[in-house]
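Open your viewer and get the selection tool ready. We will walk through the model stop by stop, and at each one you will hear what to select and what is there.

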Amino acid sequence: MSDPFLTEQRRYYAARAPEYDDWWFRRGRYTLSAEARARWEADVREVEDALTAFRPEGRVLELAAGTGLWTRHLVRTASRLVAVDASEETLALNRARVEGEVEYVVADLFGWRPSPEFDVCFFGFWLSHVPEARFDEFWRLVRSALRPGGRVFLVDSGAGDVAHTGIAAGGERELRRLADGREFEIVKRRWPPDELAARLRGLGFDLALRDTANGHFLFGGGA
Ligand SMILES: C[S@@+](CC[C@H](N)C(=O)[O-])C[C@H]1O[C@@H](n2cnc3c(N)ncnc32)[C@H](O)[C@@H]1O
């Protein structure tokens, strides 16, 4: 991978691994007021319920699996689960969290080539880190992983998410700061659901996408 921002992005998530979950569980510096926390948790439930209703069964591929916040759900329904991430540090936390059989793969998604055997491809909070220049290529990877009729489910940051963690740094970029003050510039794109769905139709994917009721997340699935 030659793009320096994508390298920095991988370095950022490797360094963030031990504190990543604080954001999801709204702990420490991500703590919210009781009211804001209730809205966040309602949105988390909305996505988790939608994923359950989607029935991620059969052979499931999880891209950018991270610390296992979604792997722990997918492992319950998948007959086979392959979880890919560039960061060994992150996958070590995933392995420690998730009970059940998961095949872990350390790989850079901008170079990795799956075999076309999966019933479902899932990615959480990953698409927003795919730059425009790699967008179509990423969706070709998704297509190449799926068997005919295979399905996709994604969750990501909502376009209007007010509880987000970065500082806009121009264009697709955002500045992120770790708890110890180290700073990284990464790619972060917040897609309005209609805009993303239209873009994906042009690439041959028909996904029903929407924002959660409180606007924190964009989510949905299709084929
Ligand atoms: C925002 S986190 C999402 C983690 C998990 N899916 C979740 O929702 O909690 C992004 C993940 O992408 C991984 N990542 C970053 N660049 C990558 C790359 N080029 N190839 C594969 N994974 C990458 C990071 O290590 C990190 O685990």
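The tour begins with a pair of helices and then visits several loops.

**Before you start**

This is a predicted model, in which local features need pLDDT of at least 70 and side-chain atom pairs count only at pLDDT 80 or more, while totals for chains, interfaces and linings use all residues. Residues are numbered from 1 along each chain as its sequence is written, and side-chain values use heavy atoms, with hydrogens and water left out. Helices (H or I, at least four residues) and strands (E, at least two) are DSSP runs, numbered from the N terminus.

**Stop 1**

Select residues 132–145, helix α6, together with residues 193–201, helix α7. At what angle do α6 and α7 pack? The angle is about 55°, and the axes are 11 Å apart. Here axes are lines fitted to C-alpha atoms, for helices over the stretch in contact, and angles run from 0 to 180 degrees between N-to-C directions. That angle makes α6 oblique to α7; angles under 35 degrees count as roughly parallel, over 145 as roughly antiparallel, 65 to 115 as roughly perpendicular and the rest as oblique.

Now show side chains. From α6, pick Glu132, Phe135, Asp136 and Trp139; they meet Leu196, Arg199 and Leu200 in α7. Contact means heavy atoms within 4.5 Å. The residues of this contact divide into 4 nonpolar, no polar and 3 charged. In this count, Ala, Val, Leu, Ile, Met, Phe, Trp, Tyr, Cys and Pro are nonpolar, Asp, Glu, Lys and Arg are charged, and the others, Gly among them, are polar.

**Stop 2: the buried side of α7**

Stay on α7 and select Pro193, Leu196, Ala197 and Leu200, which are buried. Buried means under 20% relative accessible area, exposed over 50%, and partly exposed in between (1.4 Å probe, protein chains only). These residues cover an arc of only 100° around the axis, which puts them on the same side of α7; the arc is that of the directions from the helix axis to the C-beta atoms.

**Stop 3: out to Gly202**

Move on to the loop between α7 and β9, where you will find Gly202. Is Gly202 buried or exposed? Gly202 counts as exposed, at 67% relative accessibility.

**Stop 4: Asn214**

Next, go to the loop between β9 and β10 and select Asn214. Asn214 counts as partly exposed, at 34% relative accessibility. Not counting residues up to four places away in sequence, Asn214 touches Arg39, Ala42 and Asp43.

**Stop 5: Tyr30**

Jump to the loop between α2 (20–24) and α3 (34–54) for Tyr30. Tyr30 is buried, with a relative accessible area of 9%. Which residues does Tyr30 contact, leaving aside neighbours within four places in sequence? They are Arg16, Asp22, Trp23 and Thr165. Tyr30 and Thr165 are 135 residues apart along the chain, yet their C-alpha atoms are separated by 8.3 Å.

**Stop 6: two positive phi angles**

Most residues other than glycine have a negative phi. Select Arg55, in the loop between α3 and β1 (58–63): its phi is positive, about 55°, although Arg55 is not a glycine. Then select Ala64, in the loop between β1 and α4 (71–77). Phi of Ala64 is also positive, near 55°, and Ala64 counts as buried at 18% relative accessibility.
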